Amino acid sequence: MKMLGIKVPKQDAEKVRKKLIELGLLDTNFKVKHEGEFVIFPVKEKIEGFEIVEETFERAKKRFHSYREVVEIPSELGHLLPSSFDIIGDIAIIELPEELIPYGENIGRAILRAHKHIKAVFAKGSKVLGEYRVRELIHLAGEKRTETIHRENGIRLKLDVAKVYFSPRLATERMRIFEKTKEGEIIFDMFAGIGPYSILLAKKAKIVFACDINPWAIKYLEENKKLNKVENVVPILGDVRKVAGQIKADRVIMNLPKFAHEFLKEAMISVKKGGVVHYYGFSHEDNLFDEHIEMIEMAAEELGKSVKILEKRKVRPYAPYQFNIAIDFAVF
Ligand SMILES: C[S@@+](CC[C@H](N)C(=O)[O-])C[C@H]1O[C@@H](n2cnc3c(N)ncnc32)[C@H](O)[C@@H]1O
């Protein structure tokens with residue numbers, strides 16, 4: 001079907017395109033045409049001052065803002081579709097309510113259609129479990145691949161989402177710690193995983209001791225050191241209880257919110273006098289910090305030390321009425 005177009009010399013095309021968008025006259029349902037030294041824009045009406053032509057234009061592929069616009073599921077279940085999901089590298093991980101599990105493949109395909117950079121879609125198959133803090137995953141659509149490279153805070157992190165813990169939702173928190181870190185510090189990342197804190201902080205620190213009990217996490221941490229050309233990170237495979245006390249750090253990171261309270265003494269004997277511990281926990285919204293602070297003070301007392309609470313804050317919602325919290329304290 002012939003449509004209205006305006007023909008402009010190539011060198012004016014960008015300026016004209018911006019003007020047409022501003023005036024709401026560009027017909028974005030169709031593709032712009034390139035013809036030798038000219039560009040032809042599909043337009044909604046005649047515009048004075050331009051060469052008007054009649055053209056056939058190819059339909060432009062529609063861009064979707066959300067997978068929910070293209071997903072095929074019974075309409076009465078539409079309200080159950082999550083509005084968001086985690087993206088780790090080119091892998092999407094979505095949490096589906098039970099009623100939507102039978103439509104998992106359709107949901108996965110819709111995500112692939114709406115987000116071209118996503119190559120594989122998985123559903124959360126369980127909570128984060130066990131010592132390694134890993135969850136089961138159910139493949140929904142796309143490549144059956146769980147290894148990817150994630151970019152955050154200017155670093156690249158290679159990982160296997162089925163073998164190690166990683167949450168992209170902590171990027172802001174990690175940047176917060178980076179901003180507090182001073183040049184030349186000794187850092188002890190007690191539960192380092194694949195190294196999102198360690199690799200980032202290594203840019204300022206003198207040295208980062210990065211411990212994890214999951215051999216896959218340490219394997220990826222080694223790879224991430226190379227990927228980011230970082231040399232001052234020392235990966236330590238094993239139970240952090242075995243190395244605690246042998247390191248005297250300026251700053252200790254305890255990113256194991258479920259069990260960090262069990263490792264408070266290990267953190268306190270690994271920090272210099274006046275050094276800082278970044279403690280993480282989970283709490284109900286009715287009592288966000290008090291119980292954790294009590295445990296921190298009790299551990300210090302048992303060691304004959306004292307603590308000064310520097311900052312306490314919510315990091316992110318974790319479950320209904322539950323929050324991942326952070327408490328920064330200095331040890332004396
Ligand atoms: C919540 S993840 C955090 C990983 C990383 N800091 C991050 O931000 O992605 C906790 C990590 O602690 C490790 N871990 C659990 N118990 C441990 C222990 N006793 N000693 C050393 N690492 C441990 C797990 O394998 C897991 O990788």
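How many salt bridges does a search of the whole structure find? The search turns up 24 of them, where a salt bridge means a side-chain nitrogen of Lys or Arg within 4 Å of a carboxyl oxygen of Asp or Glu. Side chains of opposite charge can pair when their charged atoms come close.

Before you click around, some ground rules. This is a predicted model, in which local features need pLDDT of at least 70 and side-chain atom pairs count only at pLDDT 80 or more, while totals for chains, interfaces and linings use all residues. Residues are numbered from 1 along each chain as its sequence is written, and side-chain values use heavy atoms, with hydrogens and water left out.

**Stop 1: helix α1**

Select residues 13-23, which make up helix α1. Helices (H or I, at least four residues) and strands (E, at least two) are DSSP runs, numbered from the N terminus. Now show the side chains of Lys 19 and Glu 22: they form a salt bridge, with the closest N and O atoms 3.1 Å apart. These two sit three residues apart in α1, about one turn of the helix. An α-helix has 3.6 residues a turn, so residues three or four places apart point the same way.

Lys 19 is partly exposed, with a relative accessible area of 43%, and Glu 22 is exposed at 61%. The cut-offs for relative accessible area are under 20% for buried, over 50% for exposed, and partly exposed in between (1.4 Å probe, protein chains only).

Which residues of α1 are buried? Pick out Ala 13, Val 16 and Leu 20. They lie on the same side of α1, because they cover an arc of only 65° around the axis; the arc is taken from the directions from the helix axis to the C-beta atoms. Colour β1 (3-9) and β3 (38-42) next, since the buried residues of α1 pack against both; contact means heavy atoms within 4.5 Å. On the face turned away from that buried side, look for the exposed residues Lys 15, Lys 18 and Glu 22.

**Stop 2**

Go to residues 85-332, where UniProt (in an unreviewed entry) places the feature "domain: SAM-dependent methyltransferase TRM5/TYW2-type". UniProt positions are given in the numbering used here, feature names are shortened, and annotations may be inferred rather than shown by experiment. The end C-alpha atoms of this span lie 42 Å apart, and the span is 23% helix and 35% strand.

Now find an open sheet of four strands in the order β5-β6-β7-β8, with mixed pairing. Two strands pair if DSSP finds at least two bridges between them. At the edges stand β5 (86-88) and β8 (137-142), each with a single partner strand, so one side of each has no neighbour in the sheet. From one strand to the next, the twist averages 25°. Axes are lines fitted to C-alpha atoms, for helices over the stretch in contact, and angles run from 0 to 180 degrees between N-to-C directions.

Zoom in on β7 (residues 120-124): its pairing with β8 is antiparallel, over five bridges. Ala 120 stands opposite Gly 142 in β8. Packed on the sheet is α2, which touches β6 (91-94), β7 and β8 and makes an angle of about 55° with the direction of β8.

Which residues of α2 are buried? They are Gly 104, Ile 107, Gly 108, Ala 110, Ile 111 and Ala 114. They share one side of α2, because their arc around the axis is only 160°.

Select Arg 109 and Glu 105 too: their salt bridge has its closest N and O atoms 2.9 Å apart. Both residues are partly exposed, Arg 109 at 46% and Glu 105 at 45%.

**Stop 3: a link across the chain**

Select Asp 328 and Arg 176, a salt bridge with closest N and O atoms 3.3 Å apart. This pair links distant parts of the chain, 152 residues apart: Asp 328 is in strand β17 (residues 322-331) and Arg 176 in helix α3 (residues 171-180). Are they buried or exposed? Both Asp 328 and Arg 176 are buried.

**Last stop: Lys 204**

Lys 204 lies in the loop between α4 (196-201) and β12 (207-212). With 17% relative accessibility, Lys 204 counts as buried. Leaving aside neighbours within four places in sequence, Lys 204 has contacts that include Phe 178, Glu 179 and Thr 181.
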